[in-house]
Amino acid sequence: MVRVTTLPTPPQLPGWRHTYSGKVRDLYVPESGDERFLLVVASNRISAFDHVLDPEIPGKGALLTTLSRWWFDRIDMPNHLADDHPEAPEVPASVADRAMLTRRLEMYPVECVVRGALTGSGFAEYSSTGAVCGIELPGGITDGDQLDAPIYTPAYKAPLGEHDENITFERSAELVGSVVAEQLRAASLEIFTRARDLAAAHGVILADTKFEFGRDPSTGELVLADEVLTSDSSRYWDAAAYLDASLPRAERLASFDKQIVRDWLAANWDRQGTPPTLPEEIVARTYDRYAELLQRLTAADPA
Ligand code: Q0Z
C-alpha cells in the first residue's frame with residue numbers, strides 16, 4: 001500500500017525556495033532562478049519502519065553532512081559539491097553545518113546499490129529466487145553473510161511514498177543507455193571497494209550502500225551526487241559484534257545507528273498508526289551512536 005505522509009513545512013531560508021522534501025532531507029533552489037545550483041539540507045529528522053519519528057535527533061543532520069563531506073574528500077571522482085564555485089549563492093548560516101551547496105545535475109533514475117553482504121531486500125530476493133537483480137548467487141547464503149565479491153544491484157527510483165524496485169543491469173541499461181549503465185556500475189563498485197576497505201580498517205563493516213549519480217548539463221561529466229556513505233544511505237555494522245559468533249544474529253547485524261530506535265519501537269509500538277514519541281534517553285543514545293560512527297571512521301588510522 002502506498003501511504004502519503006504529510007511532513008512539517010521545512011524552514012524558509014533566505015535566498016532559497018523550498019522545492020522538495022524526502023523523509024529526512026530538504027531540497028532548495030536559488031530564489032534568483034539560477035538553475036545551476038541546489039541546496040541539499042540534511043534535517044535532524046529520523047525515520048524507522050517507514051515513518052518519520054517525533055522528536056528529531058538534534059545534531060543528526062550536521063553529523064551526516066560531515067560524514068558525507070569526509071567521504072567525498074576520499075573518493076577519487078567528480079562530486080556535486082559547489083562550495084568553491086565563484087558564482088555560487090550564499091548558504092544560509094542557520095543551516096550551514098547541515099547543508100551541501102551543489103551543482104544541479106540531471107539525475108539518473110537509477111539507485112546504484114552495492115552489496116558486500118546480503119541482508120534486507122537483497123537477502124529476501126535471494127531467498128525466494130536464488131538471485132539478486134539477475135545475479136545468480138551460490139546456495140546456502142544466510143542473512144548477513146558477506147559475499148566473496150561485492151555485487152551491483154541497481155534499483156529503479158520509485159515516486160515519493162513507494163519503495164524502490166530492484167532491477168537487473170539490463171533494465172538499468174534500458175533506462176539510462178548501456179554506456180552510462182556500465183559507467184554507473186563500474187564507478188559504484190570502485191567507490192564501494194575503497195570505502196569498504198577504509199571502514200574495515202576502523203572496525204566497521206560496510207554491508208551495503210546506495211549511490212546516486214547525475215550528469216553536469218554544462219560539461220557532460222558524470223558526477224557523484226546526493227549524500228554518500230552516510231548511515232542513512234548505507235548499512236554499517238560493528239565488526240567486533242559481527243564476528244562474535246556467541247551473539248544472536250540480530251545483535252551481530254544491528255544497524256550501527258538506528259538499532260536503538262528500532263528496538264525501542266518494536267517493544268513499545270504495535271506498528272499500527274502513528275509511532276509513539278521517542279523518550280529523551282532514546283534520542284540521546286541514538287545521537288551518541290551516530291557520533292560514534294563518525295568518530296570511528298574518522299579516527300586516526302589504526303597502526
Ligand atoms: C537529489 C533528495 C533532498 C529529497 C534531487 N546535485 C543534484 N542535482 C540534481 N538533483 C539532485 C542533486 Cl543532489 C537531487 N535528490 C535527493 C534530496 C530531499 C531527495 F534534499 N533529489
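Is C133 buried or exposed, and what is its relative accessible area? The model is predicted, so local features need pLDDT of at least 70 and side-chain atom pairs count only at pLDDT 80 or more, whereas totals for chains, interfaces and linings use all residues. Residues are numbered from 1 along each chain as its sequence is written, and side-chain values use heavy atoms, with hydrogens and water left out.

**View 1. The shell of residues around the ligand.** The ligand is surrounded by 14 residues, a residue being near a molecule if one of its heavy atoms lies within 4 Å of it; the closest are Y20, D26, H80, R103 and L105. By class, the shell holds six nonpolar, three polar and five charged residues, where Ala, Val, Leu, Ile, Met, Phe, Trp, Tyr, Cys and Pro count as nonpolar, Asp, Glu, Lys and Arg as charged, and the others, Gly among them, as polar.

View 2. A polar backbone atom of R103 lies 2.8 Å from a nitrogen atom of the ligand, a polar side-chain atom of H80 lies 3.0 Å from a ligand nitrogen atom, and for an N or O atom in the side chain of T102 the distance to a nitrogen atom of the ligand is 3.3 Å. Taken alone, the ligand exposes 470 Å², of which the protein buries 87%, with accessible areas from the Shrake-Rupley method with a 1.4 Å probe and, for residues, only the protein chains shown counting as cover. Two or more shell residues come from each of β2 (25-30), β3 (37-42) and β6 (99-103), and β2 gives the largest share, three residues; helices (H or I, at least four residues) and strands (E, at least two) are DSSP runs, numbered from the N terminus.

**View 3. S68 in helix α1.** S68 is found in helix α1 and is buried, with a relative accessible area of 1%, where buried means under 20% relative accessible area, exposed over 50%, and partly exposed in between (1.4 Å probe, protein chains only). Leaving aside neighbours within four places in sequence, S68 is in contact (heavy atoms within 4.5 Å) with M100, E227, V228 and T230.

**View 4. P89 in the loop between α1 and β6.** P89 is placed in the loop between α1 (60-74) and β6, and counts as partly exposed because its relative accessibility is 22%. Beyond its neighbours within four places in sequence, P89 is in contact with W16, P30, F37 and L101.

View 5. Most residues other than glycine have a negative phi, and most peptide bonds are trans. F49, in the loop between β4 (47-48) and β5, has a positive phi of about 50° although it is not a glycine, and is partly exposed at 25% relative accessible area. C133, in the loop between β9 (131-132) and β10 (135-136), has a positive phi near 55° and is buried, with a relative accessible area of 6%. D54 and P55 are joined by a cis peptide bond with omega of about -5°, and P55 is found in the loop between β5 (51-52) and α1.

Technical notes
Polar contact = N/O pair within 3.5 Å; in protein donor to acceptor, adjacent residues only side chain to side chain.
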